[in-house]
Amino acid sequence: MAFNPTIRQHLEAQGFCELDDATLQELAPWLRWSPVFCTLFMTLGVTMQWPALLWTLAGTAFLGTLLPFHPFDLLYNYGARYLTGTRPLPHQGPQRRFACGIATLWLIATGWAFHVGASGWGFALGIPLIAVAGLVSVTHICIPSLIYNALFQRRGSGKAAV
């Protein structure tokens, strides 16, 4: 059975390209792993107005910009996948690393707003942040990846410049 072309398009927009249908069928649900953890921690940090949690998550996101994987992927690759019997997650492309970079800055700003007592600004920054992370967690639609592709797409090649 062919893999859902819409979900394939969303995953390829994040940089998960050249994966066959069988691999996508197996891993697509697990490619939400890191975004789900990020969304949960963001929600907790914003709801509780905890700058330290938001800044810790910013550090994790920053590592996701530097490494070919998100640190939360390690929990899956070296733990959960053995329980699920699935293969490791593929490395993330520049689109998802770009998304981690945006998240890093956004988390720092949100945490700073709560730190200085500007709760209104903290919520004004934090709620859309949670919405963007929640969107990718549920639908595989990653707005920062789409922005990356719009900024760095090579004309006619269909692939983002690296």
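These legends describe close-up views of a predicted model.

**View 1. The largest cavity and its lining.** A search of the whole structure turns up one cavity of 30 Å³ or more. The space in the largest cavity amounts to about 320 Å³. Its lining is made up of 22 residues, and M42, A99, C100, A103 and V136 are those nearest the centre. Helix 3 (33-47), helix 4 (51-66), helix 6 (94-115) and helix 7 (119-139) are the elements that each give two or more residues to this lining. Helix 6 supplies the largest share, with seven residues. By residue type, the lining of the largest cavity has 17 nonpolar, four polar and one charged.

**View 2. Helix 5 and its kink.** Helix 5 covers residues 71-84, which is 14 residues. At 1.5 Å a residue, helix 5 should span 20 Å, and the 19 Å between its end C-alpha atoms agrees with this. A kink of about 40° is centred on N77 in helix 5. After helix 5 comes G85, which has a positive phi near 70°.

**View 3. The buried residues of helix 5.** P71, F72, D73, Y76, N77, A80 and R81 are buried in helix 5. Among the elements covering these buried residues are helix 2 (21-27), helix 3 and helix 4. An α-helix has 3.6 residues a turn, so residues three or four places apart point the same way.

View 4. S34 is a residue of helix 3. Its relative accessibility is 2%, so S34 counts as buried, the cut-off for buried being under 20%. Leaving aside residues up to four places away in sequence, S34 touches H70, F72 and D73.

**View 5. E18, a loop residue with positive phi.** Most residues other than glycine have a negative phi. E18 is not a glycine, yet its phi is positive, at about 60°. The loop between helix 1 (5-13) and helix 2 holds E18. With a relative accessible area of 68%, E18 is exposed, as the cut-off for exposed is over 50%.

**View 6. H140, a loop residue with positive phi.** H140 is not a glycine either, and its phi is positive, at about 70°. H140 sits in the loop between helix 7 and helix 8 (143-152). Is H140 buried or exposed? At 1% relative accessibility, H140 counts as buried, whereas E18 is exposed.

Key. Residues are numbered from 1 along each chain as its sequence is written. This is a predicted model: local features need pLDDT of at least 70, side-chain atom pairs count only at pLDDT 80 or more; totals for chains, interfaces and linings use all residues. Side-chain values use heavy atoms; hydrogens and water are left out. On a 1 Å grid over the protein atoms alone, a cavity is a set of points where a 1.4 Å probe fits but cannot get out, and a pocket is an open set with protein on both sides within 12 Å along at least five of seven lines; lining residues have an atom within 4 Å of a point. Grid points are joined across faces, edges and corners, and a volume is the space filled by probe spheres set on the points. Helices (H or I, at least four residues) and strands (E, at least two) are DSSP runs, numbered from the N terminus. Ala, Val, Leu, Ile, Met, Phe, Trp, Tyr, Cys and Pro count as nonpolar, Asp, Glu, Lys and Arg as charged, and the others, Gly among them, as polar. The expected span of a helix is 1.5 Å times one less than its number of residues. The bend at a residue is the angle between axes fitted to the seven residues ending there and the seven starting there. Buried means under 20% relative accessible area, exposed over 50%, partly exposed in between (1.4 Å probe, protein chains only). Contact means heavy atoms within 4.5 Å.
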